[in-house]
Amino acid sequence: MIGDSIDNEQVELLLNDVLEVYGYDFLEYSHASIKRRISRLFGLDNFVSFAEFRYTVKSDKKYFKRFLEEITVNVTEMFRDPSFYKALRKDVLPALGTYPFIRIWVAGCSTGEEAYSLAILLKELNLLNKSLIYATDINPSVLEKAKKGMFPINYLKGYSENYIQSGGVKDFSSYYTANYTLAKFDENLSSKMIFSTHNLVSDRSFNEFQLILCRNVLIYFDKDLQHKVFQLFDNSLENLGYLALGSKESLDFWPNAKGYKRIKTEKIWRKL
Amino acid sequence: MAQTVINNTCSALVIGGSAGSLDVLLEVFPALKAEIDFPIVLVTHRKSGSDSLLTDLLKGRTSLNVHEVEEKQEMLPANVYIAPADYHLLIEQNHTFSLDYSEKINYSRPSIDVTFQSAAEVFKSELVCILLSGSNADGVEGLKIVNKHGGMVVIQNPSTALMPYMPQQAVNIVKPHLVLHSYEMADFINALNKKN
Ligand SMILES: C[S@@+](CC[C@H](N)C(=O)[O-])C[C@H]1O[C@@H](n2cnc3c(N)ncnc32)[C@H](O)[C@@H]1O
């Protein structure tokens with residue numbers, strides 16, 4: 001079901017409360033999608049009125065945890081957009097291979113599928129030992145899952161197909177051990193990952209990287225916020241480093257995009 | 001009926017379709033006039049692999065500009081915007097598009113319901129929606145909301161739809177303004193106008 005019960009003004013009220021009480025700023029998120037998430041949650045949790053919903057969000061810390069989890073969209077996949085991973089494998093990662101040490105930031109990593117995919121590529125290129133993947137998200141609950149590296153087994157067939165399409169030639173099942181419901185990925189993959197909360201709206205640059213991946217996060221931000229986040233990435237990227245965005249996102253309208261060069265047909269830009 | 005058609009101001013047309021709708025689109029689009037003065041948004045179910053196939057097919061068959069939507073793209077008259085595979089397509093108050101990679105709705109992403117609802121909240125009574133052939137019920141909930149906001153609901157005649165289930169569900173549940181055969185649709189769309 002899709003809800004139709006929360007109006008634009010109520011969205012604004014709620015988001016102002018959230019900023020005031022909890023310090024999370026969603027006011028510059030794309031309006032239509034955040035409204036849809038809020039209406040959906042309102043419907044799911046059977047509130048009788050907007051007033052009750054608003055009061056609960058404001059005063060119940062535990063409920064706010066749920067609010068944060070549900071308002072952010074955490075859907076993700078391993079090797080999503082295989083052609084993107086092919087470009088990482090063929091063009092981007094080999095270029096980083098010349099560095100003594102490789103630092104990568106996966107911003108908005110959700111439950112970690114992207115970070116594990118990346119670690120598999122690094123391993124196959126013999127670069128994993130000298131790499132470190134910083135995987136961050138606004139939502140602490142997804143990070144807890146990401147740390148465990150366990151993904152539902154019924155998705156693995158699709159992931160394995162994606163992996164092959166992305167140019168993988170190993171037996172994909174050699175990367176995990178499976179039980180009835182979950183596949184646990186090798187700990188030598190996660191041993192090269194650092195998980196931490198980081199809010200792209202309010203937190204600062206915390207390191208310099210040679211590669212930043214931020215895919216399917218910026219679609220939820222309005223233009224001004226996107227530009228602020230591009231500035232944050234720019235401050236966090238070494239010269240000749242790479243920035244990778246989601247398949248429908250673009251750096252093009254950002255005023256400082258001149259300092260970047262697009263790689264082939266993928267949504268990957270290199271800082272000049 | 002014809003009276004309703006001519007009097008309805010159209011600021012945006014959204015077409016939703018699933019299995020069996022491609023033939024209709026390939027019949028309708030070549031017959032559309034280039035001077036249509038509203039944007040057309042297309043939401044169809046397809047496999048995520050075949051991303052730009054529909055875009056390429058339509059490009060060769062219409063004088064309108066056809067785009068596969070990029071996020072934040074602005075809606076312009078006489079342009080056709082196709083929802084990219086694997087994202088829900090939403091419309092903002094300022095007539096730009098937002099994409100959303102959230103849960104599938106009715107086993108579908110893009111979901112027709114999502115775009116119909118979002119368009120209804122923005123264009124209200126100046127929205128026209130057409131639901132085509134398909135074999136699930138995506139679109140029906142969205143049409144209810146279009147109705148509620150005073151928009152115009154048009155459904156492909158189930159008797160000649162390749163997959164009648166989706167339009168039949170819609171006809172049963174939503175009160176449509178018009179039920180049209182595919183060969184009537186181009187004339188209907190050409191007669192729609194932004195201002196009268
Ligand atoms: C759709 S997921 C994308 C996951 C993965 N990057 C992919 O492309 O499959 C979006 C993620 O962005 C996170 N996110 C949303 N707002 C954020 C913010 N302000 N700072 C950091 N992460 C954020 C969400 O919690 C969610 O996990």
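Reader: Before we start, what should I know about the numbering and the cut-offs?

Author: Residues are numbered from 1 along each chain as its sequence is written, and chains are lettered from A in the order in which they are written. This is a predicted model in which local features need pLDDT of at least 70 and side-chain atom pairs count only at pLDDT 80 or more, while totals for chains, interfaces and linings use all residues, and side-chain values use heavy atoms, with hydrogens and water left out.

Reader: How does chain B score on pLDDT?

Author: Chain B averages a pLDDT of 91, and 92% of the residues score at least 70; pLDDT is the predictor's confidence in each residue, from 0 to 100. Over residues 1-6 of chain B, however, the pLDDT is below 50. The model as such has an ipTM of 0.90 and a pTM of 0.93.

Reader: OK, and how many residues of chain B are in contact with chain A?

Author: On the chain B side 30 residues are in contact with 30 residues of chain A, where contact means heavy atoms within 4.5 Å. The area buried between the two chains is about 2,400 Å², with carbon and sulfur atoms giving 46% of it; buried area is the accessible area (1.4 Å probe) that two parts lose on being put together, summed over both.

Reader: Which residues in chain B lose the most area to chain A?

Author: Those are B:Lys72, B:Tyr87 and B:Tyr101, which together account for 27% of what that side buries.

Reader: And how many salt bridges are there between chain B and chain A?

Author: The count is six, a salt bridge being a side-chain nitrogen of Lys or Arg within 4 Å of a carboxyl oxygen of Asp or Glu. A:Lys35, for example, forms a salt bridge with B:Glu121, and the closest N and O atoms of that pair are 2.8 Å apart.

Reader: What area do domain 1 and domain 2 of chain A bury between them?

Author: They bury about 990 Å², 50% of it on carbon and sulfur atoms. The rule finds one salt bridge across that interface, and A:Lys228 forms a salt bridge with A:Glu28, the closest N and O atoms being 2.9 Å apart.
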